[in-house]
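Here's a quick tour of some packing details, starting with a pair of helices and moving on to aromatic rings. Have the model open as you read.

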Amino acid sequence: MTSSANIYVDDGSYNKLLSYLMGLDQPQLEEFKICLQSSQLLLGNFQQIPWANLKAIDPTNLLCLLSEYFSERQIWEVTLSIFDNMNLTSQCTEVRAMMNELAQTQGSQDPSQEEPEVPEEEKDHRRRYRERMKAKILMMWDNIPWPEDHIYLRNVTEKEHEGLKSLLYPNRTGAQPQTIVLEGLAGVGKTTLAMKVVLHWAEGFLFHQRFSYVFFISCHKVRDMKDTTLAGLLSWDWPDSQAPIEALMSRPESLLFVIDGFEEMDVPSTLDESPPCKDWYQQLPVNRILFYLLKKELVPLATLLITTKEYRTTDLKKLLLNPWFVQIVGFTEGDREEYFIRYFGDQNKAKKILNWVRKNESLFHFCSAPMVCWTVCSCLKRQMARNPHFQLSTQTTTSLYVYFFSSLLATAEVSLSDQSWPDQWRALCCLAAEGMWFWKFTFAKKDLKHRHLEAPVIGSLLRLNILRKVSDCEDCVTFTHQSFQVFLGAMFYVLRGVRGSIDGPPKHQEMKVLLNDALADTNFYWNQMALFFFGLLKRNLAEELEDTLRCKMSHRTTDELLEWADELESYDLVSSCFEFLHFFECLYETREENFVRQILSHLLEADVDIFGSLQLQVSSFCLKHCQRLSKLRLSVSSAIPQTELTFNLETLETRPHSKIRQWQDVCSVFSNGNLTELDFSNSKLNAFSMKKLCYELRNPRCKLQKLTCKSITPVRILKELVLVLYGNHRLTHLNLSSNNLGIPVSTMIFKTLRHSACNIQYLWLESCGLTPLACRHLFLELSKNSSVRFLSLGDNDLSGVEVKSLQGPSEMPESSLKELSLWFCQLGTSSCKYLSDALLKNKSLTHLNLRKNNLRDEGVKFLCKALSHPDCSLQNLDLSDCSFTAEGCQELANALQHNCNMKILDIGSNDIQDDGVKHLCEVLKHPKCALNTLGLEKCNLTPACCQYLSSVLRSSKSLFNLNLLGNDLEPRGVSTLWKALKKSTCKLQKLGLEKELYNIVKGELEELQERGSFLRVKCKWDFNDLEDKWWW
């Protein structure tokens, strides 16, 4: 394969080759691709291109792919060889002539050579345009202000050239991407990289043979521009405003559009409804022109290079065609270390500070942006100089930003009266907050005027590097880093005042919306804004800002937050994807325990993943204050030490390990007196941490009733639960599913079940890899003295287990087991014999789930012997996906004639067809039939069965629920059903029906409901919904 420097042929040769490939019709193009797989036609030892990269490629990308594998001369030779094989005589003649011409005038082309000969007028256009773009980019570069003490780590090097080339010539198989997206956090270098692409093209270092013209479009600059055309938009950067539009249109594949700052664009709500646009001269709003470019409706063959902050990538993906996303990470960890060392000049001090920053995960993440590194370093350096006893451990992300701004503004020279300064500061914070709501990060002169920001203040903020001028937008400013805008936007909500930032609801209502959005969203900037907001509630920070800025903080903020927390009680926070961990992180940022205790008194349930040191720290700080918490899902994968003490080599002191204390604080919530449900599935614990957990679960104050421990690592630590099962009589529900229990663990737990001190009534052991021996032990223990009334053994191999063990010895009291789930347990016909005996001898069993077992008709027949017996107590039976047919239905129908207890029967996903339904319908019409729910999903039913079902619907007094989803009943079948459903004698309340069939009768259903009918149609039977799962 050729190197990336040799990927593209020169412009004239490129055009000619592309014209030949585009001249092929579709069958010829496919034949050309197939010929590329022939070693004979590839001439010599040329590398073969994988077919997967060729099969769906268009002519333009095919040429790019050829250029990746072959030199220019080799492409011509291969093309001639394949054209000759395809008997394309005229094309062969032209190719030979072109090759001779190239040999005589140019020889073998080298990408480092000058551009191929082009008309003088075109050459002049290109030269002047490149000069113009070079001057534009350099001017933008020179206008970017950097703090005097900022450290520069990188310069333009050969390595950087290679990095830039890889954007448009990625080292991967397949066609070169025509849409590249640079995504990343604010300030990590996306715009810088895009500008360098343009600059190096303009200087002739890179891409000058691939692209004739490169256009740099700044989204914030064009955001408020008047309507124009694409031709007009491209002319703005032309030296004489006379762009060679016709020449551009003739070679769209040689154009590169660099679109910078997509996050500042508003996606029109009517974009999908708009007609396609391909006209370069159609007058449109500028943002629509850009969207048509992004969607490849305008200039579809052009290459796009787009930059965006990562939170807008979802919107962008909806617009783009086959994009290639490149994550721009900014400073690596090594870069950050180098920056800190060079800034402080003391390697030991720098590493100590960096280690502290690394523990603050959100701040360390922020430091991937050079300006944040400067902010942190400059702030800490000033504080250390001002306070010899300065302690890093007391700092938070918010405190760093508070001291950064206060130290800068303490020395600011602004000719304003004391009375006007607070108003100006409030106006700046309001501007920042408004920008966050509307994703606006560039502010024009009119925006500053609207907020009554005065020129002396703006000038001072520019000198202090809080604001900076936007290089390509006259009279526009932006915050030097977006974190500054985020911080000041958060500060707006703690300043005195009642007006909101967006001229709508009052500030406290706006604050509630902000928190609801930030804590239900993974957007990094909203999360950070919420963190700063809570951090600013810390008293000493508020006082610091009041002293420096001479403006008062609102004393109502805390009360308003408590009102907001009170409202949380009415929401289902877990279902609404509330970010509990981020909420805890925000509360931890305050370090105000009394306030945290008050606000968490409203929290009734939580869902927390402790996967690192920060998560353990914030969870321990908050959970110990959740005194009303009743439900907790807790997943722990953070390493917790096995020893309680730690030895400090520097001080030679032994002290309690901080993580042990934190874990104890987490576990203390179990005995808060209100927690009734705990799920710590998917946790990785050691024996020491598990013992601590179980110790709290045995606390007399612990009121836990339901415990879920699925997928615990290592499984052996579950043996510690035995102490809990003995010692907590309130615990009635235990779920150990998805753990490969093995003999030692299962034996200990099963023996505990028969103990009088154990009160487990509901037990789940699904997917536990239980062996036949373990199951026999379980059934034996259950038959002795167990309180278990519900048992689920789904997804275990019970094919070798005699389930008759459930009935127990005749001299023992009757088993308390009422509900038994044996789904997907490899049961067959022989197992049904034992089940049938157990059903007759165990009078307490009312629910049986045998779903996904290969019972077949013979197995159903054995079961029906028990079902038809008057002594059979079974009320609910799930036989879905059990591989039986209409013959099995006949057996069920016969049994139901003698059974008045059966209420629910699910036989979905069996090939019973219309005949099976006919058998059942005969018994359903009987007055003594008590069946109220029938599941017939995916039973290969046709419209013919609807006649039988209609007869039942008209006469049955008991049938309330009928699931017919997944059956092709057709409109005529639904019409037949509907005639019965409209009858006043029909008692059906819920019907499962395919959506397209439901749409046929939707109108009539609404009329029925208006007349008082309780009938509802479900297009999806949700088995996670208590109402829909019936009983299991």
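## Two helices crossing

Helices here are DSSP runs (H or I, at least four residues), strands are E runs of at least two, and both are numbered from the N terminus. This is a predicted model, so local features need pLDDT of at least 70 and side-chain atom pairs count only at pLDDT 80 or more, while totals for chains, interfaces and linings use all residues. Residues are numbered from 1 along each chain as its sequence is written, and side-chain values use heavy atoms, with hydrogens and water left out.

Helix H30 covers residues 613–623 and helix H31 residues 658–667; they pack at about 45°, with axes 8 Å apart. That makes H30 oblique to H31 (under 35 degrees is roughly parallel, over 145 roughly antiparallel, 65 to 115 roughly perpendicular, the rest oblique). The axes are lines fitted to C-alpha atoms over the stretch in contact, with angles from 0 to 180 degrees between N-to-C directions. Contact means heavy atoms within 4.5 Å. On the H30 side, the residues meeting H31 include Leu 616, Gln 617 and Leu 623; their partners in H31 include Gln 662, Trp 663 and Val 666.

## Phe 621

Phe 621 also sits in H30. Is Phe 621 buried or exposed? At 9% relative accessibility, Phe 621 counts as buried (under 20% relative accessible area; exposed is over 50%, partly exposed in between, with a 1.4 Å probe and protein chains only). Leaving aside residues up to four places away in sequence, Phe 621 touches Leu 587, Tyr 588, Arg 591, Glu 593 and Val 596.

## Aromatic pairs

Rings of Phe, Tyr and Trp (its six-membered ring) pair if their centres lie within 6.5 Å; planes under 30 degrees apart are stacked, over 60 edge-to-face, the rest tilted. That rule gives 38 aromatic pairs. Trp 564 and Phe 583 have ring centres 5.8 Å apart and planes at 80°, so they are edge-to-face. Both are buried.
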